[in-house]
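Look at the rings before anything else.

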Amino acid sequence: MSAPAFELRFSTLLALVGGMSLATLAFYDPLPLWLPLPLAVLGAWRLRRSWLGQASPRIGKRTITLLLIAFMVPLWATGHLGAGIDGAGPAFIVLLWCKLLELHSSRDFLRTCFIAMFLVSAQLLASQSLVQCLFALASTLAILGVLVQFHVVGPIGSGFSDARPVRTFWRSLRTAAVITGQALPFAIVLFLFVPRPPISPGLDRSSAITGVSDLLEPGSMASVAKSSAPAFRVEFTEGTPPAPNDCFWRGVILWRTDGAKWGRESRGERRESADRVEKLPPVASGPADVAYTITLQPQNQSWIYSLDCPLGQVGPSAADNQNNGYNQKDGYVFESGEVIGSTRMYSGRSNPQAVPQDLRGLPHHKQSDGFVHPEYLQVNGGVHEQVRQLADTFHAAGLTHERDAHGDEILDNAKICAAALDWFSANNFIYTLSPGTMGPNPMFTFLFERKRGFCEHYAAAFSLLMRLAKVPSRVVVGYYGGEINQVGGFLTVRQSNAHAWSEIWIDGEGWRRVDPTRYATALDDQGNVIPQDQQGDPAAFNASRLDQGWFARHMRTFSHWYDYVESRWDQWALAYDSESLLALLGRLGLAGWGAIAAIGLLFGSVLLLLLAVMATMRRRRRARDPAVAVYAAFCARLARVGVERAASEGPRDFSRRACALLPRHAERIERIADGYARIRYGAWPDEPSRRAGISELAREVGRLRPSRREAAFSSSASAIARRPSSR
């Protein structure tokens, strides 16, 4: 006798397609828009065949190869095929869905489930946010539920009953949840004592992670400003926290310009820049000093943000900033030396009232006595003549008619700056998120024609005018403002807070921060004027979010709670590293033992968990025969209506008493009892026929639906019949 052909039940195949869909949704971002449609058609076609009772398709290797080519060629042509998770993800998804055409054995089914599980785990390499982890957990439970259902129900050839597929799948999900819960303590122990190594898997996430860039050109920050994703969160630990509208978060300094674009130094100059760092004088501290801890989200850049103006170093350890600090660059900015591909926590101190002093007060137009900053006056490109004429008027306003020791006329840089800002105020400039394109001469178009722009337009134009007026200037790119979380009390700085401002050199003072966007009229997306005190909130530029109705208030409260939970997740989970492990060992009194203590705690905790699992398994009842499980369900169904089986009653005795109490269901009760006794204690020719008998017994139990009223009436009638006569 040949073995029955392998064929998945429709309910199992439907659950499998659902788990595959969840695994595919994890890659919603790198997937091309056209790919989900043919995959959905393939899944629907396979489900339709199963629903109609048709056998699994037998497709040859040549057809499978042609189908894969039909998918891979468009992926390669549209740039969605390559190395890394973003490049390989679509290819793996195509392979996963093509497995629906090869489900000819249990091994094929298990491979399909494992590929889906691999996709879920692979996506976690790219993002470990709270939402992504919860989605991965849900996807894992769904796929585990499919595996459990397959082993409980089995393929059609096994003969198991699938009369209630929804109930069966929910029970399978419950079993999957139990399995996950049992593994969770081991995962927590491994997480605590085996921290994530500081390595990056080489992911290509350039299109997925937004953030400010080190190349500033008109319109470059508009897309960043439209994102509400958090850039970092700040918790002030010492001092009086400044108001959000007073917070300028310093990121990177740009000083190379061609008249339109602004960038940084070339590779050949980085060594010279590193030598100049040693000459940076410290910024004087004062009563306005504040200490803070920043939780930085992953980005495609290497610099570290700090509150302007930072004091000394910024580093991952508040207790040892000088030894563990990040690399300090000109302009009091800091870099980590590598692309920040994971959540980072670091601490720092700043004085919002201080100013950078990295020119050491030397004359700005001389290169003597170690002064090596001529790039703050250079413009390496052509500039429109009208822009130069405007800068000349500002230069004339700063002439003092006094000469220095070298015979050069002394300029009053503060007067030049004031003249430029007055000009911006008098010419009705508009600050908007949608300024439009500026054409081939962006600075001329912005200053004299359009007069509408975002922060990079104002910072680039003002800094260019200052250089043309012989005032050293540079552009600072970072973030401005933030939103105070009413639940956690911390400050959330989002990508929409991305900002650029200017710094000009003032003799005897240092680098003065100038934000020319404050001298423009800000408009929201409906053309309404935004008050000055609300311009630090990115939501102010969206008129629909200014509604303070019931729904808007509750959504804002929910947003704060979610942001609070996500911040705790970032600090406790994503930012957990070797420094956090050492801090944990210190709290346990094992600070001096290092790796030995971590390894000992790891093995000790795992051993205790294994002993607990073994103790639990001993107490657990032995696995019952499926027939016993069906009979237990029968007894439980009768117990719900008041007919309970005594511990000493066998199947025959209990069925006779149940028939007396429920005469309307007596025939079915007798069939169930006889069937159970025959299956449990009788001889069967083979296992498939016994399983078929169990399936029939389960269907009979499912059709048995007595009511409590029937049992109560029968019990009352029996009591009256047994009552002695009053004669």
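The count of aromatic pairs comes to 32. Rings of Phe, Tyr and Trp (its six-membered ring) pair if their centres lie within 6.5 Å; planes under 30 degrees apart are stacked, over 60 edge-to-face, and the rest tilted. This is a predicted model: local features need pLDDT of at least 70, side-chain atom pairs count only at pLDDT 80 or more, and totals for chains, interfaces and linings use all residues. Residues are numbered from 1 along each chain as its sequence is written, and side-chain values use heavy atoms, with hydrogens and water left out.

**Ring pairs**

Two of the pairs are listed here.

| Pair | Centre distance | Plane angle | Class |
|---|---|---|---|
| F10 and W51 | 5.0 Å | 65° | edge-to-face |
| F232 and W249 | 5.6 Å | 75° | edge-to-face |

F10 lies in helix α1 (residues 10-25) and W51 in helix α2 (residues 36-51), so this pair ties together parts 41 residues apart in sequence. Helices (H or I, at least four residues) and strands (E, at least two) are DSSP runs, numbered from the N terminus. F10 is partly exposed at 25% relative accessibility. W51 is exposed at 62%. The cut-offs are under 20% relative accessible area for buried and over 50% for exposed, with partly exposed in between (1.4 Å probe, protein chains only).

F232 and W249 are both buried. F232 sits in strand β1 (residues 230-238) and W249 in strand β2, 17 residues apart.

**Strand β15**

W249 also stands opposite Y479 in β15. Strand β2 (residues 248-254) pairs antiparallel with β15 over six bridges. Pairing requires at least two DSSP bridges between the strands. β15 also runs antiparallel to strand β18 (residues 498-506), joined by seven bridges. There, V475 faces S502 in β18. How many residues of β15 (473-480) are buried? Eight of its eight residues are.

**Charges over rings**

R474 lies over the face of W511, 3.9 Å from the ring centre. R513 lies over the face of F248 at 4.1 Å. The test wants NZ of Lys or CZ of Arg within 6 Å of the ring centre and within 35 degrees of the ring normal.

**Helix α13**

In helix α13 (residues 442-450), P442, M443, F444, T445, F446 and L447 are buried. Their cover includes α11 (385-397), α12 (413-426), β14 (452-453) and α14 (455-468). Contact here means heavy atoms within 4.5 Å. K451 follows α13, with a positive phi near 55°. Ring pairs link a cluster including F394, W423, F444, F446, F448 and F462.
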